[in-house]
Amino acid sequence: MSEPAAATPTRLTVLAGPTAVGKGTVTAWLREHHPEVWISVSATTRKPRPGEVDGVHYHFVDDAEFDRMVAADDLLEWAVVHKLARYGTPRGPVLEALEQGRSALLEIDLQGARQVRERMPEARFVFLAPPSWDELVRRLVGRGTEDEAERERRLDTARAEMAAEPEFDVTVVNHTIPAAVEELVELMRS
Ligand code: 5GP
């Protein structure tokens, strides 16, 4: 006997969008308010920011360890982001979460989302968009964690990322974090 529709394996959801649109904040809110959603912890070669916890926000690894993960084919996808550091999704935990029937979310950049689409086309691809380009620039500058050159680099990346919206299955506009999260969770349930 086949199970009712509600018990079918939950889909993998990939959340991407331009720099500073608020993906990290959306993910943090989701982690706090929706513990039923499994969120992938990426590996990265960048240094932790204040408040970031190894194994919670990222697995902070050195170049040698990242090389090892790539060589062992441990990563579902990986990319160099902002020409600065490597980021990748450990494959095993994602597959385990899906096998357990959990709703799983990857919050990754556009290059990574494209790789996942090739490998797991059944995933749902959600584009997190800012209310407007001006608002995105405001958020990017407002964050104030980067110097001028770094901000320019991130703006360049953001322009290219905004142009990728049509590649996605659905767009969620990040007017406010709680509303964007609820929309995302609704999508993950549907
Ligand atoms: P941040 O350094 O600000 O935490 O993240 C920088 C960018 O890296 C964000 O756009 C984020 O989506 C992306 N990112 C985080 N983890 C991964 C990952 O595992 N793979 C890829 N491709 N991008 C990631």
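Begin by selecting D73, which is exposed, with a relative accessible area of 51%; here buried means under 20% relative accessible area, exposed over 50%, and partly exposed in between, computed with a 1.4 Å probe and protein chains only. This is a predicted model, in which local features need pLDDT of at least 70 and side-chain atom pairs count only at pLDDT 80 or more, whereas totals for chains, interfaces and linings use all residues. Residues are numbered from 1 along each chain as its sequence is written, and side-chain values use heavy atoms, with hydrogens and water left out.

D73 sits in the loop between α2 (63-71) and β5, where helices (H or I, at least four residues) and strands (E, at least two) are DSSP runs numbered from the N terminus. The phi of D73 is near 60 degrees, a positive value in a residue other than glycine. Most residues other than glycine have a negative phi.

For another positive phi, move to A20, where the angle is near 70 degrees. A20 lies in the loop between β1 (12-16) and α1, and A20 is buried, with a relative accessible area of 13%.

Next, select strand β5 (residues 75-81): five of its seven residues are buried, so the strand is largely enclosed by the rest of the structure. Strands of a sheet pair through backbone hydrogen bonds, either parallel or antiparallel.

Strand β3 (residues 43-44) runs antiparallel to β6 and is joined to it by two bridges, with T44 standing opposite Y87. In what order do the four strands of the open sheet stand? The order is β4-β3-β6-β5, with mixed pairing. β4 (59-60) and β5 stand at the edges, each with a single partner strand, so one side of each is left without a neighbour in the sheet.

Turn to the ligand and display the 15 residues around it, of which S42, R46, Y58, Y87 and E107 come nearest; a residue counts as near if one of its heavy atoms lies within 4 Å. β5 and β6 each supply at least two residues of this shell. By class, the shell has five nonpolar, four polar and six charged residues, where Ala, Val, Leu, Ile, Met, Phe, Trp, Tyr, Cys and Pro count as nonpolar, Asp, Glu, Lys and Arg as charged, and the others, Gly among them, as polar.

Then look at distances to oxygen atoms of the ligand. A polar side-chain atom of S42 lies 2.6 Å from one such oxygen atom, a polar side-chain atom of K23 lies 2.7 Å from an oxygen atom of the ligand, and a polar backbone atom of G88 is 3.2 Å from an oxygen atom of the ligand. Taken alone the ligand exposes 510 Å², and the protein buries 93% of that; these accessible areas come from the Shrake-Rupley method with a 1.4 Å probe.

For the next stop, select H34 in the loop between α1 (23-33) and β2 (37-39). Is H34 buried or exposed? H34 is buried, with a relative accessible area of 8%. The side chain of H34 makes a polar contact with the side chain of E36 at 2.9 Å; such a contact is a pair of N or O atoms within 3.5 Å, and within protein one must be able to donate a hydrogen and the other to accept it, while residues adjacent in sequence count only if both atoms are side-chain atoms. Not counting residues up to four places away in sequence, H34 touches W29, V181, E182, V185 and R189, contact meaning heavy atoms within 4.5 Å.

Finish at P178 in helix α7 (residues 177-189), which counts as partly exposed at 35% relative accessibility. The C-alpha atoms of P178 and V26 are separated by 7.7 Å, although these residues are 152 residues apart along the chain.

Methods: Pairing = 2+ DSSP bridges.
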